[in-house]
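I am opening a page for charged side chains and pockets. The entries follow the order in which I looked things up.

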Amino acid sequence: MAPSSKSSKSSSRSGARGSETPSVSPVLPLLLLETMRDRDRPEEVLEDEDITTSLPRRLGLSEVVRVQIARFDAEVKNRRPQIASQVEDLLRLVIRRPDCEEIFAEAGRRVATHFWSERPAGVRNSIRFLPRAIAVVAAQRAGKRMFSELVGPTPFKISRKPLGLRIDSTLTARADPGGAACAFYAGAFGELLELYTGRKYRVTHSHCSRSGSGPCEWQVEIAA
């Protein structure tokens, strides 16, 4: 008997994933899930209250998310890269929420803070005393290291003049036809620049590859 079309598609997808090389830092899915969990926690928890029972509709507080957070936490400790398509599946889970764009932006900021915290304390302290122009260059170099672990198997470029980011084919745009998930990269880039220079930046998503033409691009301006 010939296999059903559904089985064929499932088998094809599994085969494609089996041939993928893990290329995405587990920090991305871990901090994305932690951001969603923290957003779903009530501001006030009464004594002896079981929030998993009283708030059953909060996805971030579900047992499934708790288990996934524990798994990705172990993956981070073992520095084990993840398969891009599996990370995309997680992004699709988050975009179902009406507050998804805020979650992606905050997760991006947390990821940048994580990469910043991995630098030795002496290096972080010395960067704060650099002239701003040199600090921007240091941030761009750090950005190249960070995004190499966040974009999956696709080329990207951080430009200096004008300051910006281009990713040829983003995980976020492939996962989210609406483009909200791309706020993750904007949040990460803006936060990294602020950590290195001490100034706030406005990161605008000037072009999204979800339109089917060209790469995703972000432009950076100093916030007023």
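Which side chain meets that of arginine 80 in a salt bridge? I found glutamate 75, at 2.3 Å from N to O. I use salt bridge for a side-chain nitrogen of Lys or Arg within 4 Å of a carboxyl oxygen of Asp or Glu.

Ground rules for this page. The model is predicted, so I take local features at pLDDT of at least 70 and side-chain atom pairs only at pLDDT 80 or more, while totals for chains, interfaces and linings use all residues. Residues are numbered from 1 along each chain as its sequence is written, and side-chain values use heavy atoms, with hydrogens and water left out.

Entry: exposure of the first pair. I call a residue buried under 20% relative accessible area, exposed over 50% and partly exposed in between (1.4 Å probe, protein chains only). Arginine 80 is partly exposed because its relative accessibility is 39%. Glutamate 75, at 11%, is buried.

Entry: salt bridges elsewhere. I count 16 salt bridges in the structure. Glutamate 106 forms one with arginine 110, with the closest N and O atoms 3.1 Å apart. The two are four residues apart in helix H6, so about one helical turn separates them. Helices (H or I, at least four residues) and strands (E, at least two) are DSSP runs, numbered from the N terminus. Glutamate 106 is partly exposed at 26%, and arginine 110 is partly exposed at 25%. I also noted a network of salt bridges that links Arg37, Asp38, Glu106, Arg109 and Arg110.

Another pair is glutamate 221 and arginine 202, whose side chains meet in a salt bridge at 3.4 Å, N to O. Glutamate 221 lies in strand E4 (residues 216-222) and arginine 202 in strand E3, so the pair ties together parts that are 19 residues apart in sequence. I read 45% relative accessible area for glutamate 221, which makes it partly exposed. Arginine 202 is partly exposed too, at 39%.

Entry: glutamate 34. This residue is in helix H2 (residues 27-40).

Entry: the largest pocket. A pocket here is an open set of points on a 1 Å grid over the protein atoms alone, where a 1.4 Å probe fits, with protein on both sides within 12 Å along at least five of seven lines; lining residues have an atom within 4 Å of a point. How many residues line the largest pocket? I get 16, with Ala105, Arg109, Ala186, Gly187 and Val203 nearest its centre. Helix H6 (100-117), helix H10 (183-197) and strand E3 (201-207) each supply at least two residues of this lining. H10 gives the largest share, six residues.

Entry: arginine 141. This residue lies in helix H8 (residues 132-147) and is exposed at 52% relative accessibility. Its C-alpha atom is 8.7 Å from that of isoleucine 158, 17 residues apart along the chain.
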